[in-house]
Structure formats: C-alpha cells, structure tokens
Amino acid sequence: MNAPDKAIDIETIQAQDAAHFLHPFTDFKDLASRGSKVIVKAEGFYVWDAEGNKMLDAMSGLWCVNVGYGREELANAARNQMMKLPYYNSFFQTTNVPAVELATRLAKLAPAVDGRTFEHVFYSSSGSESNDSNVRMVRRYWDLMGQPQRKVIIGRVNGYHGSTMAGASLGGMSGMHAQGDLPIPNIKHIDQPYFFDKALPGELEADFGVRAAGWLEAKIVELGADTVAAFIAEPVQGAGGVIIAPDTYWPEIQRIVDKYGILLISDEVICAFGRLGHWFAYEKFGYKPDLITFAKAVTSGYIPLGGVMVGDRVAKVLIEQGGEFNHGYTYSGHPVACAVALANLDVMEQEGLVDRVRTETGPYLAQVFAQLGEHPLVGQAETCGMMGALLLLKNKTTGEVFPEGVDVGMMCRTHCFDNGLIMRAVGNRMIVAPPLIMRSADIDELAQRIKLVLDKTLEQLRATGQI
Ligand code: PXG
C-alpha cells in the first residue's frame, strides 16, 4: 500500500487520539495541536502510515521487532494458545505448558559462566516490571543472607531501566527524576562510560574504560561496602544513545563487584535475543551477572512479556531458605505470551538470526557505519552488533558540539520521517537498531537513506547559517 488507507478516517482518529489517548513520554498538549502519525500496517522491516507513506523501520519498533513484522508463525501461536488456554494464573500451585517450556528453553540459551548457571526464570510483562522484581529479589536475597543493611542498588547516569517507580529510579534519566520524587530511597548512580563526553584530554579509550569502571568502586567505598546490594547496568546503553563502553570496562566492573561481593544485574531488555550477536549479551562481554532482565525481543514485541533470568547464586538462597516470596503479577507466565515467545525463538533459530548478526550483518553494519563516519556532520560512528549511533557535531575536527538551541538530532529526525526512514534521535546522537532479518543488501538501502538525511540536515544547517 502506497496510497492512503481509505478505510481510515485519519482526521477522526487524530481527533480521538488527541481527546482520549495520553501517549507515553509525550507533551500531550503539543501532540494534540499537531496530530499523531497514524501507523496502520507493517511488513518485514517496513511500516506504513494511514496516508500511505512507507518507512524503513531502523528501530525495530522500539528495539523489539527482531524477526520483523507480519510473521504468521507468531500470530498462529497466539491464536492456537488463545483457543486452548488463553489465560491461567501461576499463583496457586498451578502452571501452564508454554510457561514451563519457555523457562526450560531460556535456561538452555543462557550460557553458564565459570560454573554459574541460569536455571530459573521469574516472569513479568515488561522490562520495567522485571526490574521491579529485581529490586525485590535483591533485597530479599540480602535479608536471607543475614545482611539486611545491604539495600543500595547502584545504577548509572543516562541508563534506562524502565518507567515504574523502581525502574525509573534505577535508571539515570534526569528528566524522569525531576518528576515524581525520584529516585526512591537507596538507589544511587555513577556516571556513564561515555568516552566522547567523559574522557580526559589525550586519554586512551582503554584507560578511560578502567577509570569509568573505577567510579563504581569509589561509590561503593563512599557508601560503605556493607550497604551496597547490587549494581545494575545495560550491556550497551540503548535509550541513552547507544553508548558502548570501552573493552576494558566490563572486566574491571567484574573485578569490583567480585571484590565487594555485590550482585550484578545485566539489564538486557534491548541487548538480549540476538541484538549483539548472542542470545544474551553478557556472553559477548564475558562478565558474570547474577540476574538478567529481559523483555521486548523475547516475543519480538508481538505481545508483552518480560522476566528475570535468576542465576544460581540468588536462586539457591530464594528457593532453599526463602519460604514464600511475596511478589508476582497476574500475568507472570502468561500462556499466550509464552507461546508467542516460543514461536519467536523457533523463527530465530530456524533462520539463524543470532549467528547472522555475529558473523554477517553486525560486521557489515559496522563497515557501513564507518563509511557514514566520513560524512562532514558525523563526528563519530559506532556500532555493536545490530545497534549503531552517529554523533552529529558542528566541527568534527575539533569535536565542537552544536550550541544549546540547535537541536540537530530533532532536525535530522524530521528529515528521516520526511524521507521514509525511522531513526531515533537522542540529543546529538542518531541511533538505529534494525530488525535482525535484514541482510547486507538491506543494510545498503538503510545506509543510502541515512546518507540522504545527513545531507539534507547539513544543507538545512548551512542554509540557516548554523554551521
Ligand atoms: N530496561 C531497558 C534496558 C530498556 O531499554 C526497559 C528496561 C523498560 O522496559 P518496558 O518494557 O517497561 O518499557 C527498557 C525499555 C527509547 C525507549 O526511547 C526505550 C525503552 C522504552 C521506551 C523508549 O529508546 N526501553
């Protein structure tokens, strides 16, 4: 469809949207005055709006549609499970087959590191809920270990861990903390390992990685080591702008959490399920989490599902010493969501998508981004698996950023929308997380479109005397 969808009265939908639908992370009044873009259909890695505009979705929806849109296998799994058992709870000594099968399968997909295994799953419906569960499990663990004073969980500035009270607190988004009395007590933050922003003049990336990890040790010492329960981090910061830590960062983080005996939570809501070329991202970086948050791509976003992979260190204590764990959700282990997840994992395995990212498309995206890095507007081009970021600078030689008031990311994003490309702007970083079904030729098409919008952004900046 490249013509308007006649079945849809766009103006009515937009008016009702403005009248009744409060969108997440949105200036309600501003959106109501402009009108939402109505998305009506999607196939593969393209989405269409009601006006018939076809857009290449380089964000996989919101970092989730890894197998692409329109997969009958997933739709059939949902239908079949809905007709058989659409819902049943798992609170009162009952279980259901898809939830058990999925937990068993996830346990097989999460590799053991140094004898530490992930045999158990606690289910939720989202990344935010999963991180709330993490807070509950971490605190319960330390209570049971006879160290109830270990309450503090350390997160990172510009990290994103969700939007519930605990999720938003664990994250380090200043705009979120500014609303609603956040963070909640006993959540602290260290700075992010963002080399461009935080490196000292002349500092080598490898040295910066060790220094940035050292901020964790400094914070632990400042707070008192016996008060710290856990450290939570994303393997690569996604919503923060695809911030990729130097290689030296994670080994040093591991040394520090081991030294002080604190738990490590790997929030893999974006990075798991093939995004970085592995089923789970800790495998790529070689660190040893105790808890792993997942959501999004476990079902390729077709239906909400999230959870926590609970490592044996925590699971053993909760199971053997914990008695009843007073926490859970109506939809923990939802049979339809789990059935869709199983079908999604089947597709990923049959099509070899995880290996494809590691051996073909991830390296190819890196190559293509390196070329985009030559563009006069791009100060830095970085990728990790099928995630990438372009840092837009006023002067790429000196590293000068655009002054406040020149929102170069938004400018570029508008050109994206006008030219059939969906990318995210995070400040001055333009980011992508394309569906994993893309092949190299599709990445070429993506690169051409990115080049075009960069050219148009540069043209606009020049025409308005801002560069
Ligand atoms: N952890 C991480 C690492 C995430 O990326 C969550 C937790 C929360 O998941 P739920 O399912 O509760 O949304 C996320 C979600 C963005 C953006 O603008 C990113 C997310 C959500 C919304 C917007 O990049 N990530």
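**Close-up views of a predicted model**

View 1. Asp 346 is partly exposed, with a relative accessible area of 32% (under 20% is buried, over 50% is exposed and partly exposed is in between, using a 1.4 Å probe and protein chains only). The model is predicted, so to speak of local features takes a pLDDT of at least 70 and side-chain atom pairs need 80 or more, while totals for chains, interfaces and linings use all residues. Residues are numbered from 1 along each chain as its sequence is written, and side-chain values use heavy atoms, leaving out hydrogens and water. The side chain of Asp 346 meets that of Arg 105 in a salt bridge, 2.8 Å from N to O (a Lys or Arg side-chain nitrogen within 4 Å of an Asp or Glu carboxyl oxygen). Asp 346 sits in helix H14 (residues 335–350) and Arg 105 in helix H5, so this pair ties together parts 241 residues apart in sequence. Helices here are DSSP runs (H or I, at least four residues), as are strands (E, at least two), numbered from the N terminus.

View 2. Because Glu 349 belongs to helix H14 and Arg 105 to helix H5, the pair ties together parts 244 residues apart in sequence. Buried or exposed, which is Arg 105? Arg 105 counts as buried, at 19% relative accessibility. Glu 349, on the other hand, is partly exposed at 41%.

View 3. Lys 451 and Asp 455 bring their side chains together in a salt bridge, with 2.9 Å between N and O. Both residues lie in H17 (residues 440–463), four residues apart, so to speak about one turn of the helix. Lys 451 is partly exposed, with a relative accessible area of 41%. Asp 455 is partly exposed too, at 28%.

View 4. The bond in question joins Leu 182 and Pro 183, with omega at about -5°. Why give it a view of its own? Most peptide bonds are trans, and most residues other than glycine have a negative phi. Pro 183 has its place in the loop between helix H8 (174–177) and strand E6 (187–190).

**View 5. Phe 25 shows a positive phi in a loop.** Phe 25 isn't a glycine, yet its phi is positive, at about 45°. Look for Phe 25 in the loop between helix H1 (10–20) and helix H2 (28–34). Its relative accessibility is 61%, so Phe 25 counts as exposed.

**View 6. Ser 60 shows a positive phi in a helix.** Ser 60 is also a residue other than glycine with a positive phi, near 50°. Where does Ser 60 lie? Ser 60 is in helix H3, which covers residues 60–63. Ser 60 is buried, with a relative accessible area of 0%.

**View 7. Tyr 88 sits in a loop between two helices.** The loop that holds Tyr 88 runs between helix H4 (72–84) and helix H5 (97–109). Tyr 88 is partly exposed there, at a relative accessible area of 41%.
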